[in-house]
Amino acid sequence: MSTFSNAVKGVANPANPGRLISQFAPLALALLVAGILPSFVDNYWIQIASLACIYWVLIAGLNLIVGYAGQLAIGFVGLLAIGAYTAAILCEKLGVPSLVALVLAGCSGAFFGFVIGLPSLRLKNFYFAMTTLGFATIVTQVALGWESLTGGGIGLPGPVFPAPFNSSIGFYYLVLAMALIATYLLRNIAISNFGRGLIAVRDAEVAAEAMGVPVVRLKLVTFTFSGGLAGLAGALYAARQTYITPDAFTFDLSVMFFIAVLIGGRGRIVGPMVGTAILTLLPEIAAPLVAWSTFAYGLLLLLVVLIVPGGMADYLDRIFKKRPIANRITAPKVGVISAVISRAGDKAATPLIVKNVALAFGGVRALDGVDLEVQPGTIHGLIGPNGSGKTTLLNVISGYYAANQGTICFGEHDIAGLPVQSRSRLGIARTFQTPRVLGNLSVLENAMLGAYSQFSSSFPLTALGLPDSRREDKAIRERAYQALTAVGLAHCAECRADQLQHTEQRFLEIARCLVMQPKILLLDEPAAGLAHNEIENLGTLIEEMCALGVAVLLIEHHTDLVFRISDHVTVLNLGKVLASGTPSEVRTNKEVINAYLGT
Ligand code: ADP
Ligand code: MG
């Protein structure tokens, strides 16, 4: 165990001093420069620096939405406006103290963040982008039209903060502190299971669901959190402007926020921070650019998308991140799995029983009355020609497709109506015929995603970085490292997953499932593309899991492997069960030989 902890520390624990320095040096430097800035520059530049901090408070939250979750929210200026008007109205019309108004602006931002998030559950990419843009337009139009409340085109005075925040330097330190808090919260979420879950939603939503990530809830919580930060930024923005009118909240500003995240790098922290600084400074340094800003932002966006699609940080990452060694072999280690999954206790409790399941796609009867039973601690082989319905059956069991008829029971649960995530929580793990890994996360982080539903720390507590959530993360990190050792990928733990070969990604998917500590594992052609010795290794690995009480449903074309390790084999043909029995019964079945095995 101690060798594991040491290995994990050396490979991937953030407590590693070298890693700590490289992670925090840029932030510490930025903080030092920001802290001593007022002693070196005049009031004008302090104002600019305040603006950059305010923008960052918003962009830190937007980063989670755009950078991590991959949602094209381009109308965040609407939330900035809501925060600004909430604070201004509360102070001006109701005489609320400005610091209280600041907090309430955050609350109203959070509420409207949640509202903006709702369409993201149904609409993808461009369509969602348009709804956020529509939202921003509505907000400015309401601000313009509702004169009695907002002052219409004439506007409202922004909140005035009490001493010492009423001076330019005092205000600067206030917004700097807010920017630091926003960065701290963002970082805690980014390195937690929530950060990994969001990236999974962005890059492989299907796999995210299979790992038990509650996609809807996670999206909404993140939108609420980001909205809260945007609302706070709005109140600070109103205070800095001293007077707000609807035309302060332009489309250009919204696009700027969006681009700051993109040029910095999706799913990073320091990158978008630098992006924010550059985009705040740019119009000040090159004043003529202001007239061209719409054009300039458009051009910048285009260049980023074409030249460095992942942003600056991703570009640097590709250059500097550890690469897997050449000529490596995936050598699973026997005897390690038991450290990842303890022996399943109540064996009899969770057989998988599929009865009379049918599913048609239009005229194609992909499944036509299939029966199947997988007992705990056994390997059930599922073979059949291409197009016979094997993957479809797996999708029905794991919840991606709803069957037209039939029942699926897992233990005493009838799971036919449950969503994918709930089935995963019951202990149903699966791999995909085409591996779905998160390319720009490390191999270890990919494996850690398997334990998503086992984290008990809530989003707010994780954001605050409480020791409990860190402890949980550390335990899962160690378990994931053990799972990688078991499948033979520990030597790549810190490499980006997109640097693995296709076959290694298959083993990574298995490791991710192991981290889940599943009761049943559904494998869709895991041996495809593997060399002979790798198939042997895979067989040993599957047998080892099975010996620990895990049920395995193995879809495979390598019938040698299936017949060698399975306890029971089912053959599908044209969506129907052609034969079912022990390997020797099936192997000698005439119909099976004619339809599939050949002579
Ligand atoms: P297998 O995995 O055994 O090769 P599949 O389960 O992928 O076969 O496919 C079974 C049949 O269902 C095929 O005829 C395939 O074209 C069809 N099919 C599978 N998925 C879909 C889908 N999403 N839409 C329409 N037809 C599908
Ligand atoms: Mg298939």
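Predicted model: local features only at pLDDT ≥ 70, side-chain atom pairs only at ≥ 80, totals over all residues.
Residues are numbered from 1 along each chain as its sequence is written, chains are lettered from A and ligands numbered from 1 in the order in which they are written, and side-chain values use heavy atoms, with hydrogens and water left out.

**View 1. The shell around ligand 1.**
Oxygen atoms of ligand 1 lie 2.7 Å from a backbone N or O atom of Gly387 and 3.0 Å from a backbone N or O atom of Gly389, while an N or O atom in the side chain of Thr392 is 2.5 Å from an oxygen atom of the ligand. Taken alone, ligand 1 exposes 560 Å², of which the protein buries 62%, the areas coming from the Shrake-Rupley method with a 1.4 Å probe.

**View 2. Thr431 in its loop.**
Thr431 is placed in the loop between β8 (428–430) and α19 (443–448). It counts as buried because its relative accessibility is 4%; buried means under 20% relative accessible area, exposed over 50%, and partly exposed in between, with a 1.4 Å probe and protein chains only. Leaving aside neighbours within four places in sequence, Thr431 is in contact (heavy atoms within 4.5 Å) with Glu509, Ile510, Cys513, Leu522, Leu523 and Asp524.

Helix α17 is mostly covered, with 8 of its 9 residues buried, and the buried residues are Lys390, Thr392, Leu393, Leu394, Asn395, Val396, Ile397 and Ser398. The helix is followed by Gly399, whose phi is positive, near 105°. Val370, placed in strand β4, is buried, with a relative accessible area of 0%. Residues up to four places away in sequence not being counted, Val370 touches Val354, Lys355, Asn356, Val357, Leu393, Leu572, Gly575 and Val577. The C-alpha atoms of Val370 and Glu412, which are 42 residues apart along the chain, are separated by 20 Å.

**View 3. Two residues of helix α13.**
Thr280 lies in helix α13 (residues 270–285) and is buried, with a relative accessible area of 5%. A polar atom of the Thr280 side chain lies 2.6 Å from the backbone oxygen of Thr276. Beyond residues up to four places away in sequence, Thr280 touches Ile48, Leu51, Ala52 and Tyr55. Val270, which also lies in helix α13, counts as partly exposed at 31% relative accessibility, and is in contact with Pro26 and Leu27 when neighbours within four places in sequence are left aside.

**View 4. Aromatic residues.**
Rings of Phe, Tyr and Trp (its six-membered ring) pair if their centres lie within 6.5 Å, with planes under 30 degrees apart counted as stacked, over 60 as edge-to-face and the rest as tilted. By this rule the count comes to 16 aromatic pairs. Phe126 and Tyr127 form an edge-to-face pair, 5.9 Å centre to centre with 75° between the planes, and both residues are exposed. Tyr55, Tyr85, Tyr237, Phe249 and Phe257 form one aromatic cluster.

**View 5. Ile476 in helix α21.**
Ile476 lies in helix α21 (residues 467–487) and counts as buried at 7% relative accessibility. With neighbours within four places in sequence left aside, Ile476 is in contact with Met448, Ala451, Gln454, Phe455 and Val515.

Technical notes
Polar contact = N/O pair within 3.5 Å; in protein donor to acceptor, adjacent residues only side chain to side chain. Helix = DSSP H or I, 4+ residues; strand = E, 2+ residues; numbered from the N terminus.
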